[in-house]
Amino acid sequence: MLLIIAVVGSALVAPSLSLHDATKVYRQDGDLIIGGFVPLHFYNDSTRLCEGLREINALRLVEAVRYAVTTINRDDGLLANITLGFEIYDTCSSPDETLKQVLNLIPGVRVMNGLRDNIIGVVGPQRSTNSIQATNVLGLYDISTVSYLSTSDELSDSKRFPFFLRTVPPDVFQVSVITDILRKYQWEHVAFVYEDDTYGRHADAEFQVQAEKYNICVGYRRGITTLDESRDYDELIADLIQLRQESLISVVILFALVETATRVFKHAEEASVNRDFIWIGSDGWGVFDLTPINGREEVAIGAITIVPKAEVHEGFNRYFNTILRDNSSNNPWLPEYYQEYTVASLSEVPEPSLDMREMICKGLTHEVCLKVLLNNRRRLNQYLLKTNFTSDSNGLVAFKANGDSVGRYNIRYLEEKNESYRFSTKGSWVEYDDPKLVFQQVPWYLKEEKNAPRERYTDDGVPKSVCNDPCTDLQITRPFRDCCWTCVTCEENEIIKDNECSSCFSDNQTFQWPHPRLTHCVDLDRIRLADEVGNIILLLVALLGILVEIVVSVFYVKNRGTKLIRASSRELSYIILLGIFLGYVSAGLHCIPASQVPCYLRRILPSVAITYIYVPLLVMTVRLYRIFSAGKKTAHRPKFIRQKSQVILTLVISIIPVVWALIWIVLHPPTAVTIPPSAERQLLEQKCKASPVHRVGVLGWEILIILVTCYIAFRTRNLPANYNQTRFIAFSVFSSLVVQIAFAPAFFTTDVSSQQDLYIALGSIIQTTVVLMLIFTAKIYAIYFVNEEDQQVITNRPSVRDSSQSVSVRTVSSSLTSGPRLPKHILWNSDYHLDDVFVQPEKDLNPTNGNSSPKLPRTEPVSVLNGKNTSKRPNSYA
């Protein structure tokens, strides 16, 4: 029977539309009958019918049995005077159909059917689940079952299956082959997809054991069968795609049957999974060559399959081609194949080389020998377990005590040659060889993605299949899935301690910095003023500004009695000078290292300084605007234009930023906090902690004051000959507005505290300097370096608007006492005070002839001649 088993090779699968007659049997009579189970059709689980003819290689299995039996019967040296016969049944690869056909070989059933009880053994079935069904029944009658392709490890249990043998190694060896391939190429992270039956589950269990032994990470495991729905296959492919995106996995082990593998590749093609994986296939689909791929070679190219070692036997090929050509076989399934196929492929058969009858029936007659064989089938089973021989095509054939065969495999590789795809044998694995695995160098087809963040090939040109690239010494590993990891780079302020990131910053404002090797934290130097060149420069500029401001203030106060300074609202000017001084001080405070006292002053001074500068300018400009607007209509003095009123108004408005600052001092007391160091700035620096809301409020207040001042300065542009200093005020506030627009975005878009301080200091210096130069320095220069007769060019210029309305008289005579109306436009000299527009209080203005228009009082006439005022100012307005 072993010689018959050695004939049976691999079978290929192809669908067909033919239906199967389950009653068919291929029978040849003999003294002893060899039963055979071969899958010639597919089994439809929904209809529970055999339908769909397999490819012609299934027919080769049937004819291989006939060829082997015929060869044995012709050899007188093997079974002299004993003729072998056979009965072959179609299992349709179904356990149910196998069990039904097995009943035909039970001795009692055969007798009832009018057949002799002469079954000596069984060849097959092919699938492990079918072999379990067959041997469970036949073993009850001591009938040995020898399978040619059942590889499940479950069948290695000799206590459960004492009458089962196989000429192919169990899956434990197949898993060992897969593990050795993974180890050869250092593929440490793989996916394992298995048939969810006894064939796949036992392989999965064995692979888990070996994977743990050799530190192979199984990043994904899933069982699947042909009964699963399409969405299950879609989920499988989607999971594999996601796994590939998350890691450097490339290898997918597909330990499945041919039908399942076919559906896997079909759904992979639909998901455009082309050249994305290296598929390692078991013999469940590997022995079927290109059949499970079926035109989807781009999906599976580069696949590695493990198949039991089997070579070509030329004698059987000639026999098979002959019966196909001459139709010389009474095979009942041959007509079906003639309808579907016209060509044959190759298989193999060994040459017999032992005399079983001589060993078992030595000294017995023919009749007695037959009785011994049929009545003592257990003795035949023991003989089979001890038998070994060398096959011309397959080498050594032998069994272990549990009925397993020696592990021998061919390793095949799907490659592309001459624009066609084919599986080529590229290596082998033999259990008793050293080394067991021999595998040739092959071309790799794994797709290399452009601009991929990680390389998928090693430097040697071998595809990677690892969880991730090894982490560097400056990274830690984080668990990912079951046994995978990701590399995590610690924050710039952290070190690595026990594979964890540990900060060098503590909660009590103690900061250190990691050593370059991230092994420990090191102390940092505190920043000094000398370390900041920009701060030193601005601090010197601020100090210089303070000095200049003091000098200007001294000269301004010293010359406060001059007509030029008297004409420019001296009291408001003093407030502006105070604001300029505070502005320079504020700028200097932002240039020095932060501490408790400077932080309080930084919170208050900037807004107060801006307020003291621009609120007086605003009040001064509004005063001019009101006076000249009223002067066009009436001689009545507008309310609240005296210096005292203007000063009080300025001080009242100035309270607003102070109150705002005090509120936030209470809510968020200013403190000096240490700025955490960074990779770019590994120094300890302190800053004043402040609320963003407070800063936005201060900025909003400053911009509001400046905008209002800009608006009023714009409205006073048409005063008589641009009276006094309105154009200087306008230029000052417009310049300040530009500074705010330029520096505010830069301040709020930077996270560096030192840069924010520099922006505040620089902006404050520019604003205060512009006001100091235009409003005050120009007057001091005029007082000392411009003739008194020419000083009016600083405060006024000839009007270019409506010259017909300008005053061009040389004298205003006493005839004005008759009640002429006050001219709309009056050109003042620098020594003529603005209050003198209204010479007498309102009660001195008497209506004339019932006319309500005010008239000049009867006082000393006013003469405006060549810039000289010939009258004396009333003491009441001095």
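Two residues are in contact when heavy atoms of theirs come within 4.5 Å of each other. Keep that in mind as we walk through this structure, which is a predicted model.

Let's start with Lys687. Leaving aside residues up to four places away in sequence, Lys687 touches Ala594, Thr671, Ala672, Val673, Ile675 and Ser753. You'll find Lys687 in strand 26, which covers residues 685-688. Now look along the chain to Ser754. Lys687 and Ser754 are 67 residues apart in sequence, yet their C-alpha atoms are separated by 7.8 Å.

Next, the sheet. Strands of a sheet pair through backbone hydrogen bonds, and they can do so parallel or antiparallel. Here, eight strands form an open sheet with mixed pairing, in the order 10-9-11-12-13-16-17-18. At the edges sit strand 10 (217-224) and strand 18 (437-439), each of which pairs on one side only. From one strand to the next, the twist averages 25°.

Strand 9 (residues 189-195) and strand 10 run parallel and are joined by seven bridges.

From its first C-alpha to its last, helix 6 reaches 20 Å with its 14 residues, close to the 20 Å expected at 1.5 Å a residue. How many of the 14 residues of helix 6 are buried? Eleven are, so helix 6 is largely enclosed by the rest of the structure. Among them are Phe173, Val175, Val177, Ile178, Ile181 and Leu182, along with Asp171 and Asp180. Just after helix 6, check out Gln186, which takes a positive phi of about 55°.

One last stop: Asn317, in helix 12 (residues 314-326). With a relative accessible area of 3%, Asn317 is buried. What does its side chain do there? The side chain of Asn317 makes a polar contact with the side chain of Arg60, at 3.1 Å.

How values were computed. Residues are numbered from 1 along each chain as its sequence is written. This is a predicted model: local features need pLDDT of at least 70, side-chain atom pairs count only at pLDDT 80 or more; totals for chains, interfaces and linings use all residues. Side-chain values use heavy atoms; hydrogens and water are left out. Helices (H or I, at least four residues) and strands (E, at least two) are DSSP runs, numbered from the N terminus. Buried means under 20% relative accessible area, exposed over 50%, partly exposed in between (1.4 Å probe, protein chains only). A polar contact is a pair of N or O atoms within 3.5 Å; within protein, one must be able to donate a hydrogen and the other to accept it, and residues adjacent in sequence count only if both atoms are side-chain atoms. Two strands pair if DSSP finds at least two bridges between them. Axes are lines fitted to C-alpha atoms, for helices over the stretch in contact, and angles run from 0 to 180 degrees between N-to-C directions. The expected span of a helix is 1.5 Å times one less than its number of residues.
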